[in-house]
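The sequence and the model come next.

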Amino acid sequence: MVDIQNDAAERLHSQGGRMTAQRRLILSTLESLSGHPTAEQIYEQARLSDPRLNLSTVYRTLRWLSAEGLVSPQRFEGQQRQGRFDLGQAEAHHHFLCVSCGRVIEFSEPALEVIGAKWGRRLHVRVDGMTLVLRGLCEACRSAGVQATDGGHGEVVSTASMRVGSV
Ligand SMILES: [Zn+2]
Ligand SMILES: [Zn+2]
């Protein structure tokens, strides 16, 4: 796990920007919310600490963090359309998405890296990334008797790319 507060402060400094109280709040909120929150969820939570915060500041900060590679935006098929933000991007990992409650569980699977490398060789391409999203019902939803509507098939999606925004 990266120390995002320090990393972001250093990069801001090298770009002539600075770590404002609102940026710090957005970062600490992102860290405190597990499960890959959306920008709106970060906003709703952070606003409790600073009612003057507005959503566009949250979006702008998240775009900048994404462009710097400090967070990775994820889009999970079948989930709401907003991107969700992933702090755990330092290590390659994959996701399980609960189609009922939206819970995201991370896992890593070295065998997938082997598959990626194999297909890179076969296709004569350079593989830079791979994201596996397994879908279904989490343990809590299964215990609660929720019925799956989504089949629960695994699916490979690419990480959504976001454009660079100004700081
Ligand atoms: Zn993740
Ligand atoms: Zn669930």
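## Contacts and basis

Among contacts in the protein chain between residues at least 6 apart in sequence, those joining residues at least 24 apart make up 51%; two residues are in contact if their C-beta atoms, placed from the backbone, lie within 7 Å.

The model is predicted: local features need pLDDT of at least 70, side-chain atom pairs count only at pLDDT 80 or more, and totals for chains, interfaces and linings use all residues. Residues are numbered from 1 along each chain as its sequence is written, while chains are lettered from A and ligands numbered from 1 in the order in which they are written.

## Secondary structure and burial

The protein chain has six helices and six strands. Helices (H or I, at least four residues) and strands (E, at least two) are DSSP runs, numbered from the N terminus. Along the sequence the pattern reads α-α-α-α-β-β-β-β-α-β-α-β.

Of the 167 residues in the protein chain, 23% are buried. A residue is buried if 20 or more other C-beta atoms lie within 10 Å of its own, exposed if 12 or fewer, and partly exposed in between, with C-beta atoms placed from the backbone.

## Strand pairing

Strand E3 (residues 94-98) pairs with strand E4 (residues 104-107) in the antiparallel sense over four bridges; strands pair if DSSP finds at least two bridges between them. Phe96 stands opposite Ile105 in E4, and Leu97 stands opposite Val104 in E4. The two strands form a hairpin with five residues between them, and Gly102 in the turn has a positive phi of about 80°.

E3 also pairs with strand E5 (residues 132-136), in the parallel sense and over four bridges. Here Cys98 is opposite Gly136 in E5.

## Nonpolar cores

A nonpolar core is a set of buried Ala, Val, Leu, Ile, Met, Phe, Trp, Tyr and Cys residues joined through C-beta atoms within 7 Å. The largest has 16 residues, of which Ile26, Ile42 and Val58 touch the most other members. Helices H2 (21-32), H3 (39-47) and H4 (55-67) are the elements that give two or more residues to this core.

Leaving out residues up to four places away in sequence, Val58 touches Ile26, Ala39, Ile42, Tyr43, Ala46 and Leu53. A second, separate core of seven residues includes Phe76, Cys98, Val99 and Val104.

## Helix H5

Helix H5 (residues 110-123) has 14 residues, and the number buried is zero, so this helix lies largely in the open. Just after H5, His124 takes a positive phi of about 55°.

Key:
Expected span 1.5 Å × (residues − 1).
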